[in-house]
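The text below walks through a single protein chain, from individual residues to the chain as a whole. Please keep the sequence and the 3D view open while reading.

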Amino acid sequence: MISVVIPLYNKVHTIANTLTTVMSQTYQDFEVVIVNDGSTDNGVEVIDRHFHDPRIRIINQENAGVSAARNKGVKEAKGDWIAFLDGDDEWHPEYLAIIQKTIIKYPNAGMICTGGECCSINNENKYSYRIAKKYVNKIRIVNFFENPCVFSHTSGLTINKEIFYKTHGFPVGMKCCEDYACTQAIALISPTIYIGLPISKYNGGVEGQITSIDASTRFKYLKYVVDYYNLVMNDYIISNQKNKLFKIYFKYDIRHRIKGFIIGKDYKSLDFFIDNLSSENKKLLFRTEIQMYKKRYNLLSVLWILLTKCIWRIHNFPVVGEKINTRKINSKYLSW
């Protein structure tokens, strides 16, 4: 049995659609654990009204954040494998069937990630693929640190419960990047399987998502971004530093973050970010490089970061396939 964990916070406008995609799965040996994280709307009433299935359990808690809700769902889950789904996303009808076949083939995996579609609700339902070009139509073991940004999406994530409890799980109190912190902790200690099929769907532009917050609020969230980098680096250190791709990816990711601040001329965020990185993270960068950022040598800084990106790409890391020819993807997985 697979346990499906759905954190719920004020998703009355989407939860019925999300849950319908779960109950419509061709693979039916699952349970659904919905953790109501102190919602102030009537999302629970909507579930009770439209769904009458004993496999659905609703657990209520005071608002503690999405990390606490997901961790609670894992704790309450009866299955050995946990499939996460956010309350505004969707699954293809074959999603759990494909996950189950993958579990059987790779029983020692710690984590299974899938490709998917991205739908922008605010842009006339514009779609793009969130899938690694390198692995289209393939299911195989990957080094997660080839590109976590391509592999990792919570609604396309299934984890082994035993492995999950060997990590810190989703960091409670971290209001962003908590999903990356969890998946990278798992990837550092166990094999990751990637399914190169678009079988999950992320719906962007939905009310209440962090992507809709204003600039001033974004700065308040920057603390959690720094916490994420420092926590994951610490995870890497205690994992005995076995993953050879981790530092290659991580130094690129830090530089990419810095480039965003420079291009946006957000020097307040730039200084805060650099000043609060751990010493181990700063070791990934050259001292002269850090001074270049701090002294606002913007053009030189951006050119340097773009050069390092080219070096990173030489390693043939997978990139997101927004422009993938649909004929290259098995057509039976494209009908939603």
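A residue is called buried under 20% relative accessible area, exposed over 50%, and partly exposed in between. The structure shown is a predicted model, and this scale is applied to it throughout.

Asparagine 42 has a relative accessible area of 31%, so it is partly exposed. The residue sits in a loop that runs between strand 2 (30-37) and helix 2 (43-50). When residues up to four places away in sequence are not counted, asparagine 42 touches Val12 and Arg49.

Isoleucine 58 belongs to strand 3, which covers residues 56-61. Its relative accessibility is 24%, and therefore isoleucine 58 also counts as partly exposed. Beyond residues up to four places away in sequence, isoleucine 58 touches Ile34, Asn36, Val44, Ile47 and Asp48.

Lysine 161 is a charged residue in a different setting: the residue is buried and has no salt bridge. Which side chain of opposite charge is nearest to lysine 161? That side chain is aspartate 80, 6.8 Å away. A salt bridge would need a side-chain nitrogen within 4 Å of a carboxyl oxygen. A polar atom of the lysine 161 side chain does lie 2.7 Å from the backbone oxygen of alanine 77. Lysine 161 is part of helix 6, residues 161-164. Leaving aside neighbours within four places in sequence, its contacts are Val74, Lys75, Ala77, Gly79, Asp80 and Ile82.

On the surface, Leu299, Leu303 and Leu306 form a nonpolar patch. Together these leucines have about 310 Å² of accessible area. Leucine 303 lies in helix 13, which spans residues 298-314.

The chain as a whole can now be described. The protein chain contains 13 helices and 10 strands. Of its 336 residues, 53% count as buried. The accessible surface comes to about 15,700 Å², and carbon and sulfur atoms hold 52% of that area. Among contacts with a separation of 6 or more, 79% are between residues 24 or more positions apart.

Terms used
Residues numbered from 1 in each chain as written. Predicted model: local features only at pLDDT ≥ 70, side-chain atom pairs only at ≥ 80, totals over all residues. Heavy atoms only, no water. Patch = residues over 30% accessible without salt bridge, like charges linked within 9 Å, V, L, I, M, F, W, Y side chains within 5 Å. Areas by Shrake-Rupley, 256 points an atom, 1.4 Å probe, with all protein chains shown as cover. Helix = DSSP H or I, 4+ residues; strand = E, 2+ residues; numbered from the N terminus. Buried < 20%, exposed > 50% of the residue type's maximum accessible area, 1.4 Å probe, protein only. Lys, Arg positive; Asp, Glu negative; His and termini not counted. Polar contact = N/O pair within 3.5 Å; in protein donor to acceptor, adjacent residues only side chain to side chain. Contact = heavy atoms within 4.5 Å.
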